[in-house]
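Please read the points below alongside the model.

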Amino acid sequence: ERAYRGYRSAYLVEQLMNEPDVKFHFTRDHLVIDKNSPMSVKDRFGIGVWLGKRYTDNLRLEVIKGMNERESRGYWNHKAPFGYLNIRVSGRAKVIVDEKISPYIKEVFEMYVTGNYSWSELTDHINRKIVPKKVGKTMVERMIANPFYYGGMAVKGKLLSGKHEKIVTKKLWDDCQRIKGIRSMGQGLTDKAKVKKPLMGLLHCGI
């Protein structure tokens, strides 16, 4: 019945049927077909392919519809970000906070917002806390930029409100994005040159 799933698999069946002594047995439909089968048998195969394709296409649309509905209600459908866990409760998918890691993630946000720590230092800090697990600098950068940690969900270019537990506040996340923006503009916050808050980036030398 796998050959009923789509036109590509049906095409392969038809190609193989041209080989000598090749027969396909469809046990559910009590159908045996080869290159010498009458048109009535081949028609049954063709109808089965069309019905199978229709079923899988409709199933795909229903799955997408269900995922979109869940996301609109604030439920995450994908792999949980670092610091969260995917579980199932009564058969339903749910995202919960990883209690062992989440406190250190909050620490990283609080350290980053000071402007006094480089990505490498933040990465080393969290790796010392979560032994034997290890994260890379890129993951820490993505973590700081991910709205999921304050309760948001970035889905297909839209920012939705999630029902999962927050690890940081929206204000802390916003402040981190401000620091991130200052760094990206090259206003003095680099791995080698640390600056102090709270007026960083406000004034510039005229020379």
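1. Thr114 has a relative accessibility of 16% and therefore counts as buried, the cut-off being under 20%. This is a predicted model, so the value is computed from predicted coordinates. Thr114 sits in the loop between H3 and H4. A polar atom of the Thr114 side chain lies 2.6 Å from the backbone oxygen of Met111.

2. Met111 also belongs to the helix contact. In H3, the residues involved are Tyr104, Ile105, Glu107, Val108, Met111 and Tyr112, and they meet Trp119, Leu122, His125, Ile126 and Lys129 in H4. By class, the residues of this contact comprise eight nonpolar, one polar and two charged.

3. On the geometry of the pair: helix H3 covers residues 102-112 and helix H4 covers residues 119-129. The two pack at an angle of about 160 degrees, and their axes are 10 Å apart. Angles over 145 degrees count as roughly antiparallel, and H3 and H4 are therefore roughly antiparallel to each other. Their crossing is right-handed.

4. The other loop to check is the one between strand S4 (92-97) and H3, where Asp98 is found. Is Asp98 buried or exposed? With a relative accessible area of 10%, Asp98 is buried.

How values were computed: Residues numbered from 1 in each chain as written. Predicted model: local features only at pLDDT ≥ 70, side-chain atom pairs only at ≥ 80, totals over all residues. Heavy atoms only, no water. Axes fitted to C-alpha atoms, helices over the stretch in contact; angles between N-to-C directions. Helix = DSSP H or I, 4+ residues; strand = E, 2+ residues; numbered from the N terminus. Parallel < 35°, antiparallel > 145°, perpendicular 65-115°, else oblique. Left-handed = near helix turned anticlockwise from the far one by under 90°. Contact = heavy atoms within 4.5 Å. Nonpolar A, V, L, I, M, F, W, Y, C, P; charged D, E, K, R; others polar. Buried < 20%, exposed > 50% of the residue type's maximum accessible area, 1.4 Å probe, protein only. Polar contact = N/O pair within 3.5 Å; in protein donor to acceptor, adjacent residues only side chain to side chain.
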